[in-house]
Amino acid sequence: MALIPGHGTRRPDDIVIGPLDLAARVDEALAVQAVAFGLGPEEVAVRRQIVLRHLTCPGARALGATAPDGGLVGFVYGMPNDRRHWWSTVVEPYLRARGLDHWLDDSFVITELHVHPSHQNRGIGRALITTITDGAAEPRSILSAIDTDSPARALYRSLGYVDLARQVLFPSAPVPYAVMGAPLPLRRRRGTRDGIDFHRPSPPG
């Protein structure tokens with residue numbers, strides 16, 4: 001991959017990974033998420049407000065994966081973790097029970113990472129998450145994902161994420177989650193392609 005001045009990183013399939021004004025393109029980003037997971041209009045509307053609220057948090061950043069026609073085919077966003085945030089208040093007791101709640105400090109949390117189904121299996125998810133965490137000042141990263149042995153979780157493990165807590169229950173979420181953490185920078189693997197390049201939407205919050 002070569003850097004394209006002023007645009008970001010261009011992948012071999014002409015997908016460009018670069019900064020994203022997520023507030024301005026929130027509907028386009030949520031359309032990607034909705035296609036991937038069959039979200040209905042009501043859930044999209046709820047998530048829209050959550051995303052816009054998250055973007056007001058100090059240090060929140062987003063990257064997009066853009067096709068040659070300018071369309072958004074994937075996105076990631078995250079921020080320095082804050083124990084006062086809803087997500088942290090839910091996972092903190094699970095981590096504390098294992099003596100791992102220090103992971104909530106000095107961590108960059110991956111809030112959402114999604115790739116359109118027609119562009120999965122091309123390494124876009126890996127490029128998005130490694131690029132956004134490469135720009136983090138924090139020494140580690142945390143995220144939550146559905147607690148199943150899925151291709152998404154395999155991707156995170158290949159990047160160096162390990163399980164910090166499992167069977168984490170979020171209010172209104174129908175299935176349990178796992179909280180995962182990794183030291184930064186994330187691990188690189190040469191000559192490999194990802195499986196599914198996204199994780200299930202995080203619980204609203």
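With which residue does Arg25 form a salt bridge? The partner is Glu28, and the closest N and O atoms of the two residues are 2.9 Å apart. The model discussed here is predicted.

**Helix α3**
- Helix α3 spans residues 86-97, and its buried residues include Trp87, Val90, Val91 and Leu95.
- Ser88 and Glu92 of this helix are buried as well.
- After the helix comes Gly99, which has a positive phi near 70 degrees.

- Arg83 and Asp101 meet through their side chains in a salt bridge, at 3.4 Å from N to O.
- This pair links distant parts of the chain, 18 residues apart: Arg83 is in the loop between β5 (72-80) and α3, and Asp101 is in the loop between α3 and β6.
- Arg83 is partly exposed, with a relative accessible area of 30%.

- Arg166 and Asp147 form a salt bridge in which the closest N and O atoms are 2.7 Å apart.
- Because Arg166 lies in strand β8 and Asp147 in the loop between β7 and α5 (151-158), the pair ties together parts 19 residues apart in sequence.
- Arg166 is partly exposed at 46% relative accessible area, whereas Asp147 is buried at 8%.
- A network of salt bridges links Asp147, Asp149, Arg153, Arg157, Asp163 and Arg166.

Notes: Residues numbered from 1 in each chain as written. Predicted model: local features only at pLDDT ≥ 70, side-chain atom pairs only at ≥ 80, totals over all residues. Heavy atoms only, no water. Buried < 20%, exposed > 50% of the residue type's maximum accessible area, 1.4 Å probe, protein only. Helix = DSSP H or I, 4+ residues; strand = E, 2+ residues; numbered from the N terminus. Salt bridge = Lys/Arg side-chain N within 4 Å of Asp/Glu carboxyl O.
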